[in-house]
Amino acid sequence: MDHSGHGMNMDLPPFTLGRGLQFTADPFFLIGCVLAIGLYGYAVVRLRRRGDSWPVGRIVFFVVGVLSIALVMCTKLNDYGMVMFSVHMVQHMVISMLSPILLLLGAPVTLALRALPVAGRDRTGPRELLLMLLHSRYMRIITHPVFTIPLFIASLYALYFTPLFDFLMGSKTGHIAMMVHFLAVGLVFFWPIMGVDPGPHRPGYVMRMLELFAGMPFHAFFGIALMMATSPMVETYKNPPASLGIDALSDQNWAGGIAWAFSEIPSVLVLIALVFQWYRSEQRTAKRSDRAADRDGDQELQAYNAYLASLQARGQ
């Protein structure tokens, strides 16, 4: 395999966190991260100039989400991830399970719909195209749990336990494509569950929790399988460079432990977000009911009291 210039044939010193966090930009992800923050910031400025507000919390979530991608793709972690299964697994877990949640909490689709101008009559602009995409059959399919849960699971088992992983790791383009795939899978899996942005598939809160927990056990089993293996299971990491001073099987065990532990982190984050959204939703419903009662003099309560009175009269 030729990984020259991407870590494989480089005599990297033994891994330390300090060495792993040194800045070495991957051009593809660096440009993507800068564009994402730039476009998001431009949209927020458009809203503010128009006199509309946008929650600071959403800005923070989105920026931290983009920075989490830059952390694992624009540092030496990206080089070490080519020769150490454990470091690669950190990249995979962050970019597929942490970054998507943070990005989605930033509500980028909602922001785009509010910031993009409405096209004139009988015209189609960027906002209209985005709405068409959101309501398309394609989007209904790729955000449905019948599609997202098997895809989420297959991204682990069908990738790492087949020659596909070694093929993708054989080139820089393949490695980038794999990481983009991890990010995309995380976004389509968590998008309906988070429920912040509009989408074609929007289940109730209980169903969202069930969707979340449907995929997590498979993630944990994957990590356990790596930890319990008695020999290296992925060809790419069978012979790490001697300069690293690591054992392939021990490194694989660490990778499994990371995959197992990381299955809990997004579950907790998403559950906290869902409970908070549920609470906010109940509050809005209660306020609407109070306003309706103020407008009609609480006719619903009066009608119920009259019904109880009629039942009491019949009983006498």
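Predicted model: local features only at pLDDT ≥ 70, side-chain atom pairs only at ≥ 80, totals over all residues.
I started with Phe-222, which comes out buried, with a relative accessible area of 0%.

Next I looked up the ring partner of Phe-222. The centres of Phe-161 and Phe-222 are 5.6 Å apart with the planes at 40°, so I logged the pair as tilted, since edge-to-face would need over 60 degrees. Phe-161 is partly exposed, at 32% relative accessible area. The two sit in distant parts of the chain, 61 residues apart: Phe-161 belongs to the loop between α9 (145–160) and α10 (164–168), and Phe-222 to helix α12.

I checked helix α12 itself, residues 205–228. Its 24 residues should span 34 Å at 1.5 Å a residue, and I get 36 Å between the end C-alpha atoms, which agrees. Which residues of α12 are buried? My list has Tyr-205, Arg-208, Met-209, Glu-211, Leu-212, Gly-215, Met-216, His-219, Ala-220, Phe-222, Gly-223 and Leu-226.

Searching the whole structure gave me 14 aromatic pairs. One I wrote down is Phe-28 with Phe-29: ring centres 5.2 Å apart, planes at 80°, so edge-to-face. Is Phe-29 buried or exposed? Phe-29 is buried, because its relative accessibility is 5% and the cut-off is under 20%. Phe-28 has 46%, so I put it down as partly exposed.

Last entry, a charge over a ring: I found Arg-58 over the face of Trp-54, 5.0 Å from the ring centre.

Key
Residues numbered from 1 in each chain as written. Heavy atoms only, no water. Helix = DSSP H or I, 4+ residues; strand = E, 2+ residues; numbered from the N terminus. Expected span 1.5 Å × (residues − 1). Buried < 20%, exposed > 50% of the residue type's maximum accessible area, 1.4 Å probe, protein only. Phe/Tyr/Trp six-rings, centres within 6.5 Å; stacked < 30°, edge-to-face > 60°. Lys NZ or Arg CZ within 6 Å of the ring centre and 35° of its normal.
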